[in-house]
Amino acid sequence: MDSGNGLKIGLALSGGGFRATLFGLGSLWRLNEAGLLGGLERVTSVSGGSILAGILAHNWRRLDFTGGRAGNFEAVVVKPVCDFCSQSIDIKTAVLGHLVPFKTSGEFLAGRYAHDLFGETLLRELPDPGKEAAPRFIFYATNMQTGRSFRFRQDYIADYYLGFSRSTDVRLADAVAASSAFPPVFSPVIVKTDPGTWEKPLRDLPNLDQLRRHIVLADGGVYDNMGLEALLDTADIVLVSDAGAPFEIDESPFEDDLLQLGRVRDILIDQTRALRKRWLVEDFQAGRRRGGYWGIGTRIGDYQDPGALTADNDITAALENIPTRLKKFEAREQGRLINWGYALADVALRTRAKLGIAAAQGWPMPEWPLN
């Protein structure tokens, strides 16, 4: 899909629980107001970003686009996102998964998504980009067996080692659950498929059929918390909305042989994430790639943009420290996260991606300004 000027725009929505869902919602809100939402060619997502992407994909046909802008965006996207983020689902869901035999926390999570958001909608029932004016939606999980990212798309599921299957039916609720099944609370999510439906594996592994038959998945952020891979080779303009939590300094890490492993894991994941971000930003700065990155910890003053909606302050600094949870967010937290994603997207789209749009004139959630 062309954005109107012949360039394909791809958007990545990062992980980070409800914090990422709401921050990403602010980013979508600004893209919609700028008339860019309807021109997105591809949307990739991880974890909390996948909750938002799932709601957008599920409701896409209801959006009334004119010139790339949906006039009913608030009713069709904003309201269901805010309603869903107004309830706590992590503790109860996790406890049920540990107490109820023969059913995992990941299955309970998928059930919650189905009940509250998506029903029994299958991925293949989402809008088809080949036939409709809609983006390609890609929900990322991590395959715990192959150690690679696992992609859920409208037209197939795929893994670098396993190949792809075009005829496996997967519910949207299950894809979003697998993408947001952060360990050890919700993972794993098990997807069972017919090995005979798969094509083009990377290599003929001796246990390939079993790997395809019983697929063990966890949060997409374990492999790539920004979900960038599917954008880098296809999009002319790469946009990244990243609400991943900053890495925390720990003055007193565990020194026990086993207890320290959690800290080691966090360091390894943070290093990989930092490298991906550094490579992307360097490509932008060197002119090898066009686009924009904005993160929840980004300092808006670094853009040196007189049209920015706010300056850095104690309110904006505190937002990146909101815990990564699927717990109830009060109206003030929701409004501030949405406004922050909106404000950062605004300056990044104008000053970094050079999309030639007018500066935002006010807050999407005016009752919760950030200045």
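Axes here are lines fitted to C-alpha atoms, for helices over the stretch in contact, and angles run from 0 to 180 degrees between N-to-C directions. The model is predicted.

**Exercise 1.** Classify the packing of α2 against α3 and describe their contact.

*Solution.* 
Step 1. Locate the helices. Helix α2 spans residues 48–59 and helix α3 spans residues 73–84.
Step 2. Take the geometry. The two pack at an angle of about 140°, and their axes lie 10 Å apart.
Step 3. The crossing of α2 and α3 is right-handed.
Step 4. List the partners. From α2 come Ile-51, Leu-52, Ile-55, Leu-56 and Asn-59. They meet Val-76, Val-77, Pro-80, Val-81 and Phe-84 of α3.
Step 5. Sort them. This contact of α2 with α3 has 9 nonpolar residues, 1 polar and no charged.

**Exercise 2.** Describe how α1 packs on α2.

*Solution.* 
Step 1. Helix α1 covers residues 17–33. Its axis and that of α2 come within 6 Å and cross at roughly 50°.
Step 2. α1 and α2 are therefore oblique to each other.
Step 3. The crossing in which α1 passes α2 is right-handed.
Step 4. On the α1 side are Gly-17, Phe-18, Ala-20, Thr-21, Gly-24, Leu-25 and Leu-28. On the α2 side are Gly-48, Gly-49, Ile-51, Leu-52 and Leu-56.
Step 5. By class, the contact of α1 with α2 holds 7 nonpolar, 5 polar and no charged residues.

**Exercise 3.** Work out the class, hand and make-up of the α4 and α5 packing.

*Solution.* 
Step 1. Helix α4 is residues 90–99, and helix α5 is residues 105–118.
Step 2. Their packing angle is about 135°, with the axes 7 Å apart. That makes α4 oblique to α5.
Step 3. α4 passes α5 in a right-handed crossing.
Step 4. α4 supplies Thr-93, Ala-94, Leu-96, Gly-97 and His-98 to the contact. α5 supplies Ser-105, Phe-108 and Leu-109.
Step 5. The contact of α4 with α5 splits into 4 nonpolar and 4 polar residues, with no charged ones.

**Exercise 4.** Count the cavities of 30 Å³ or more, then characterise the second largest cavity.

*Solution.* 
Step 1. The count is 2 cavities at this cut-off of 30 Å³ or more.
Step 2. The second largest cavity holds about 40 Å³ of space.
Step 3. Its lining consists of Tyr-140, Ala-141, Ser-149, Gly-220, Tyr-223, Asp-224, Gly-227 and Glu-229.
Step 4. By class, that lining of the second largest cavity has 3 nonpolar, 3 polar and 2 charged residues.

How values were computed
Residues numbered from 1 in each chain as written. Predicted model: local features only at pLDDT ≥ 70, side-chain atom pairs only at ≥ 80, totals over all residues. Heavy atoms only, no water. Helix = DSSP H or I, 4+ residues; strand = E, 2+ residues; numbered from the N terminus. Left-handed = near helix turned anticlockwise from the far one by under 90°. Contact = heavy atoms within 4.5 Å. Nonpolar A, V, L, I, M, F, W, Y, C, P; charged D, E, K, R; others polar. 1 Å grid on protein atoms, 1.4 Å probe; cavity = no way out; pocket = protein on both sides within 12 Å on 5 of 7 lines; lining within 4 Å. Points joined across faces, edges and corners; volume = space filled by probe spheres on them. Parallel < 35°, antiparallel > 145°, perpendicular 65-115°, else oblique.
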